[in-house]
Amino acid sequence: MAVMRDICASCGEKVDIHVKQYIVNDTIAWSEAYSCTKCGNEVVSDDWGDPTPNEVRKAILEQEGEWEFFVLKPVENKAQILKNLRSALNLTLQEASSLLKKYLVF
């Protein structure tokens, strides 16, 4: 899990915000959370379906590096793979199609 530094929304103390991306029902999701050791304030944010915020993606990539995408189960519907790629990587239809043609064999 990657960590971003910020300040507590309640007391202004420096906090470590833990951020991650994961899959929920075939959709890329993200979350961020912290618990302030000074005042006890706890904040948790998450979302799916929308692109991961740039600062969260940047922290994850810098601290955890890039990962590869593999399709483990055969998918008869290429449209579903295109949809997932576009959602996960914030790609245009043309960009996702190019990736499929380049890396996946059907």
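**Exercise 1. Locate Thr52 and determine whether its side chain is buried or exposed.**

Step 1. Thr52 lies in the loop that links strand E4 (42-48) to helix H1 (54-64); helices (H or I, at least four residues) and strands (E, at least two) are DSSP runs, numbered from the N terminus. The model is predicted, with local features requiring pLDDT of at least 70 and side-chain atom pairs pLDDT 80 or more, while totals for chains, interfaces and linings use all residues. Residues are numbered from 1 along each chain as its sequence is written, and side-chain values use heavy atoms, leaving out hydrogens and water.

Step 2. Thr52 has 8% relative accessibility and therefore counts as buried (under 20% relative accessible area; exposed is over 50%, partly exposed in between; 1.4 Å probe, protein chains only).

**Exercise 2. Identify the residues in contact with Thr52, leaving aside neighbours within four places in sequence.**

Step 1. Contact means heavy atoms within 4.5 Å. Gln21, Ile28, Trp30 and Arg57 meet this criterion with Thr52, once neighbours within four places in sequence are set aside.

Step 2. The side chains of Gln21 and Thr52 are also joined by a polar contact of 2.7 Å (a pair of N or O atoms within 3.5 Å; within protein, one must be able to donate a hydrogen and the other to accept it, and residues adjacent in sequence count only if both atoms are side-chain atoms).

**Exercise 3. State the strand order of the sheet and find its edges.**

Step 1. The open sheet has four strands, ordered E1-E2-E3-E4 with antiparallel pairing; two strands pair if DSSP finds at least two bridges between them.

Step 2. E1 (2-7) and E4 each have a single partner strand, so one side of each lacks a neighbour in the sheet.
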